[in-house]
Structures are given as structure tokens and as C-alpha cells.
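Hi everyone, thanks for coming. Have a look at the picture and I'll talk you through it.

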Amino acid sequence: MSVSGVRLRYLGQVLVVPVGGQFAIGRSSDCQLALEDPLVSRMHAVFKWVGDSLVIEDLSSRNGVKVNDQRIDGVQVLKIDDIVGIGSQTFAVIAGETIRPREVRKAAVTMASETSHGDSPSSLLGGVVEKAFAMNRIDDAERILSTMLQDLLVRFEKEKRDRGALADGIKFSLRLANETGKSQWVDWIFDAHRILERVPPTATVDELHVLTRKIRYPVTPAFRRYVTGMKDQVSLLGPTERFAFQRLEGLMRVLSA
């Protein structure tokens, strides 16, 4: 069975609700999208499929759900171009490519980047991530960013260019590493630069020297792969890049000691 490609757009991001899945919205961290909005209830509403129709269900929220500025009663079937209002947030129902059913885990919604490849992570996510950081909801920020950052690596691998997204990826990875102390976010920086065959900017190398000591970053396979791979490119580097790479080699020696 195939389902007509009906999707949701929120802050420039496209949300795909697969058959058998649902997308809960509210202030609770159990929701697929947790919003710091005083007008939103803890478990406010859920998008889900009923047969071949995408519907929105109000989960007895305090301020209700509106479709095209009209408050709904319970469940309402959605159609293309409908605007769903939840608290002060709006979701547009848009047309997309046909999607097919697939096995879905608890968070049965995937966030598909259907915006142009030139869009950066900041433009895709708007202020959602920054708001999560500001509210000290680090788990929420990490949950939102982890899929996006992994998708960026896949894109880099496929296209071998970053189309302006690398800088934002670096920024968010450094922020996550600093807030969570997890080495995987430093690894992301090395993986991205290995794929693109680049040396991180001087400012990034400066931050890595401080951050890796702060979080007690081990010399991971990702770091070793990057240094080993880039050694073949050293003769092609300019003076600034060569010096930055040498500083990374020095950092690896220090961390290995």
C-alpha cells in the first residue's frame, strides 16, 4: 500500500509521518517535538495516519488546536495547504513525493531535508535548537541535532562539498561536545573534514585544543583516520592550513601521551 505524499513544514524543516507512525507535540520531553511555549500543553496534540488520511488529534490540550484559524473538536482530517496552529507555533500541510510504509520505532517520524541543498542547519532549524540550549534542555538539543548532523555527513560523502553547511555543523558539534562532554561530537568534526579533505579553520583548531582537554577526549579512531588521511594532502596545503594541520598532529601526540 502506498500513501499520498502529505507532509508537514515547520520552521523550514519538512516532517514526514510514515504509515503506522505518529508525531506528538507538547512541552514534555516524551514528545517527538518538545516546545518551550507557554501556550502548549505537556502532551498537546498528535499528527497520525488514519487509513490514507493524515489527521491531527487534540489531546485534551488547554488551549486547543486550530486548523485554518478554526479550533477543532477532537480529530480532524488534514488536506494540502491547511495551516495547523498549536500554541504560538504553526505547521503547514504540504505535498511531497509518495512514501511507502516502513517499520517505525517509537519516534515514528523522520525529519527529511527537502529544502534546497544550500540551506544551512541554522536556517533549517530556526531558533528551536538555540532555544533548547538557552533553556538548558541539552537532551532536546542533542536529540534534534543528532539526526541532522548525521545527515550532513551522508550528504558530504555523496557530494564531496559542503554547500555552506560545514560551518554550522562545526558550531553545533562544538556546542554539543562542550555541553555533553561526549567525544562523538568532536569525532563529527574530524569525520566531516576527512570526507571533504579539508583542514579545520584556525579558530576551530584553537577550540579543539581547549575542548579536548576539558572533556578528556581520547584519541579516537575518527581522529586517527583524519590525521592519517590528510597526511597525503599536506603537500597541497597552503601555509596556514599546513600549520593548522601540524597543530592537530601535535594535539594527537599530547592526548596520546
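First, some ground rules. This is a predicted model, where local features need pLDDT of at least 70 and side-chain atom pairs count only at pLDDT 80 or more, while totals for chains, interfaces and linings use all residues. Residues are numbered from 1 along each chain as its sequence is written, and side-chain values use heavy atoms, with hydrogens and water left out.

Okay, the overall layout. The protein has 8 helices and 12 strands. Of the 257 residues, 47% are buried. Buried means under 20% relative accessible area, exposed means over 50%, and partly exposed is in between, using a 1.4 Å probe and protein chains only. Now take the contacts with a separation of 6 or more: 60% of them are between residues 24 or more positions apart. A contact here means heavy atoms within 4.5 Å.

Next, the sheet. What is the strand order in the open sheet of 5 strands? It goes β4-β3-β5-β6-β9, and the pairing is mixed. At the edges you find β4 (33-34) and β9 (75-77), each with a single partner strand, so one side of each has no neighbour in the sheet. Two strands pair if DSSP finds at least two bridges between them. β6 and β9 run antiparallel and are joined by 3 bridges. In one of them, glutamate 57 has valine 75 in β9 as its bridge partner. As background, strands of a sheet pair through backbone hydrogen bonds, either parallel or antiparallel.

On to the helix pairs. Let's start with α3 and α5: their axes come within 9 Å and cross at roughly 15 degrees. The axes are lines fitted to C-alpha atoms, for helices over the stretch in contact, and the angles run from 0 to 180 degrees between N-to-C directions. α3 and α5 are therefore roughly parallel. The cut-offs are under 35 degrees for roughly parallel, over 145 for roughly antiparallel, 65 to 115 for roughly perpendicular, and oblique for the rest. The residues making this contact include Leu149, Leu153 and Phe156 of α3, and Trp185, Trp188 and Ile195 of α5. The crossing of α3 and α5 is left-handed. That term means the near helix is turned anticlockwise from the far one by less than a right angle; clockwise would be right-handed.

α5 also packs against α6, at an angle of about 150 degrees with the axes 12 Å apart. That makes this pair roughly antiparallel. The crossing of α5 and α6 is left-handed too. Here Val186, Ile189 and Phe190 in α5 meet Thr204, Leu208, Leu211 and Thr212 in α6.

Now the charges. Side chains of opposite charge can pair when their charged atoms come close. How many salt bridges does a search of the whole structure find? It finds 11. To count, a side-chain nitrogen of Lys or Arg has to be within 4 Å of a carboxyl oxygen of Asp or Glu.

Take aspartate 82 and lysine 79, with 3.1 Å from N to O. Aspartate 82 is buried at 2% relative accessible area, whereas lysine 79 is exposed at 53%.

Arginine 194 is partly exposed at 29%, and aspartate 191 is buried at 14%.

Aspartate 206 and arginine 247 form another salt bridge, at 2.6 Å from N to O. This pair links distant parts of the chain, with aspartate 206 in helix α6 (residues 202-214) and arginine 247 in helix α8 (residues 239-256), 41 residues apart. There's also a network: Arg137, Asp140 and Arg143 are joined by salt bridges that share partners.

Last, two loop residues. Serine 60 isn't a glycine, yet its phi is positive, about 55 degrees. Serine 60 sits in the loop between β6 (53-58) and β7 (65-67) and is exposed at 73%. Lysine 160 also has a positive phi, about 60 degrees, without being a glycine. Look for lysine 160 in the loop between α3 (138-159) and α4 (166-180), where it counts as partly exposed at 48%.

Key
Helices (H or I, at least four residues) and strands (E, at least two) are DSSP runs, numbered from the N terminus.
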